[in-house]
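Please look over the model shown here, and read the notes that follow alongside it.

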Amino acid sequence: MLPVVAHVMSPLRVNILRTLSPWEYIHFPAQGFQHSEYRTMTIAKNKVVSIHFKLVDAESGDLIESSKGSAPMAYLHGANNLMPGMENALEGKSVGDEFQVTIAPEDAYGPHHESGIQTVPLEALKDLEKIEVGVVLTANTENGPANLQIIEVGETEVTVDANHPLAGRTLIFDISVEEMRDATAEELEHGHAHGPEGHHH
Ligand code: ZN
């Protein structure tokens, strides 16, 4: 025989009398919150994200690249598609967010190594049709093909730089998050975004 008080406090009544915490209010009608959940979707691993961006050299203020006037750039988040500093800044952002981030060389294209600057005898490049400052040559090295930018042309020698053109530079990005969706199984397998602004096969 149960005590009388237990009959009064039926499970339903216990629930009604109990004060719901904000946490429970959010989770109780779970099926009714699909739209809200969608609106608060944030950038995380395995999302395909479209962004508009403007890239400026922090020191000179020179515009390096901008997606303005073209389609936004789509990338797969968490797959090293972007430089680490840019990906870290995008983590947790939502569609509609606009922000600026300054990225040190270590989180962009790395430091500039003096050892990357070398001289090549002009004779060795005689088969090339254009030898002038700014031209990028591809050289076969022990580690595979490497891009070398001509930075000086002398009488008998040419000075080339194997560093990435943006190595050693602090970069300022203005970024706006345009679109976001879950990556497809194929995109996850390939490690990049597909579609109009992503890869085409
Ligand atoms: Zn692919």
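Over which residues does pLDDT stay under 50, and how many contacts beyond four places in sequence does the model have for them? In this predicted model, the stretch is residues 1-38, for which three such contacts are present. Where pLDDT is low, the predicted coordinates should not be read in detail.

The chain as a whole averages a pLDDT of 81, and 80% of the residues score at least 70. Confidence by element is lowest in helix α2 and highest in strand β4, as the table sets out.

| Element | Residues | Mean pLDDT |
|---|---|---|
| Helix α2 (lowest) | residues 11-17 | 36 |
| Strand β4 (highest) | residues 98-103 | 96 |

Turning to the overall architecture, the secondary structure of the chain consists of six helices and nine strands. The chain has 201 residues, of which 14% count as buried. Among the contacts in the chain with a separation of 6 or more, 65% are made by residues 24 or more positions apart.

Strand β6 (residues 136-141) and strand β7 (residues 144-153) form a hairpin, with two residues between them, and the two strands pair in the antiparallel sense over six bridges. Within this pairing, Leu137 has Leu148 of β7 as its bridge partner. Is strand β6 buried or in the open? Strand β6 lies largely in the open, because the number of buried residues among its six is zero.

Note on methods:
Residues numbered from 1 in each chain as written. Predicted model: local features only at pLDDT ≥ 70, side-chain atom pairs only at ≥ 80, totals over all residues. Helix = DSSP H or I, 4+ residues; strand = E, 2+ residues; numbered from the N terminus. Buried ≥ 20, exposed ≤ 12 C-beta atoms within 10 Å, placed from the backbone. Contact = placed C-beta atoms within 7 Å. pLDDT = per-residue confidence, 0-100. Pairing = 2+ DSSP bridges.
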